[in-house]
Amino acid sequence: MNQTNNIPVSFEFFPTKTDAGHEKLIAAGHVLAAENPEFFSVTYGAGGSTRDRTRKTVLQLDSEVKVPTAPHLSCVGDSLDDLRNLLGEYREAGIKRIVALRGDLPSGMGQASGELRYANELVEFIRRETGDHFTIEVAAYPEAHPQAAHFESDLKNFVRKAQAGADSAITQYFFNADCYFHFVDRVRKAGVEIPIVPGIMPITNYSKLARFSDACGAEIPRWIRKQLEAYGDDSDSICAFGTEVISQMCERLVEGGAPSLHFYTLNQAEPSLDILRNLQGR
Ligand code: FAD
């Protein structure tokens, strides 16, 4: 059987501001649950801006949609008491996995006021408070974190997170499989063996993607940019081209040893499903 046929997958959602958006998210969750994902995850607004909505979404996906769901948790702007309380609530609700991040405070929220400065400190805190209860995921940046002085210092900081007790990592999205292979190779040479799961961003809207990629340091290769620009407002062509490009990249990633794929769904089922159908020849 082709390796891409049974590659494990996970899906990420963001908590919505409206009830209608939330209903759509839950509906997408039901559709994606049929793919038998390893887990769902739900993002967290740094500084606690989505604390209640993240918790509500996590608990509903976990208990109603019945896919084990991991809350993201970020440490900038949250006090140790906030973090301790949330961890306790999740633990009590039977949540077993956490995505541990530093986070970025939204502009306008002022200086970071949390007691922990970096994700490695949050991983240490979670281990200290809850032992081995949670499987801890951390973020990885094959193209280097946008604030990192250079690749080597960022790599060292990634290694700190693994040494602090992270079990696994999910990467920032990228459009160039070679940067993933290079990153994994360098991490292994640094003696770290935790799984590094590629984060996959389906392409559905060029202007949003370009803006977001600039901010998070994901490079859109010129040949992809030029083709997407040429499609203008023709969203069917953008989606069709995007699905093809991302499916081919996923195939290379899986053939090159990626342990699973984590989809940034943006709360929509179809774009991720289109890629999975391509990979599985459905
Ligand atoms: P860190 O690992 O702490 O790194 C941040 C920067 O500091 C890097 O430049 C690093 O090199 C440097 N650094 C790290 N440790 C040290 C140290 N000990 N000393 C000195 N420098 C150090 N953001 C949200 O707000 N909410 C989310 O839900 C969310 N989910 C995400 C999920 C994934 C899979 C990914 C890849 C990113 C996510 N983000 C989220 C974005 C993330 O919060 C930002 O990229 C943030 O800027 C860095 O978070 P981090 O956990 O990678 O930070």
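## Ligand shell

The ligand is surrounded by 25 residues, the closest being Thr43, His72, Arg102, Ala119 and Ala139. A residue counts as near a molecule if its C-beta atom, placed from the backbone, lies within 6 Å of it. The model is predicted: local features need pLDDT of at least 70, side-chain atom pairs count only at pLDDT 80 or more, and totals for chains, interfaces and linings use all residues. Residue numbers start from 1 along each chain as its sequence is written.

Helix H5 (151–163) gives the most to this shell, with five residues. Strand E3 (69–74), E4, H4, H5 and strand E6 (168–173) each supply at least two. Helices (H or I, at least four residues) and strands (E, at least two) are DSSP runs, numbered from the N terminus.

## Barrel

Eight strands form a closed barrel in the order E1-E2-E3-E4-E5-E6-E7-E8, with parallel pairing. Strands pair if DSSP finds at least two bridges between them. From one strand to the next, the twist averages 30°.

Strand E4 (residues 97–101) pairs with strand E5 (residues 135–140) in the parallel sense, over four bridges. Ala100 stands opposite Val138 in E5. Helix H4 (residues 119–130) packs on the sheet and touches E4 and E5. The direction of H4 makes about 145° with that of E4. Axes are lines fitted to C-alpha atoms, for helices over the stretch in contact; angles run from 0 to 180 degrees between N-to-C directions. Contact means C-beta atoms, placed from the backbone, within 7 Å.

## Helix H9

Helix H9 (residues 235–255) has 21 residues, which at 1.5 Å a residue should span 30 Å; its end C-alpha atoms are 30 Å apart, in agreement. The expected span is 1.5 Å times one less than the number of residues.

Ile238, Gly242, Thr243, Ile246, Cys250, Leu253 and Val254 of H9 are buried. Buried means 20 or more other C-beta atoms within 10 Å of the residue's own, exposed 12 or fewer, partly exposed in between; C-beta atoms are placed from the backbone. Seen down the axis, the buried residues of H9 fall within an arc of 125°, so they line one face. The arc is that of the directions from the helix axis to the C-beta atoms. Packing partners of these residues include helix H6 (177–189), strand E7 (196–200) and helix H10 (270–280). Gly257 follows H9, with a positive phi near 110°.

Ala144 has a positive phi, near 75°. Ala144 sits in the loop between E5 and H5. It counts as partly exposed because it has 19 C-beta neighbours inside 10 Å.

Leu266 has a positive phi near 50° and lies in the loop between E8 and H10. With 18 C-beta neighbours inside 10 Å, Leu266 counts as partly exposed.

Notes. Two residues are in contact if their C-beta atoms, placed from the backbone, lie within 7 Å.
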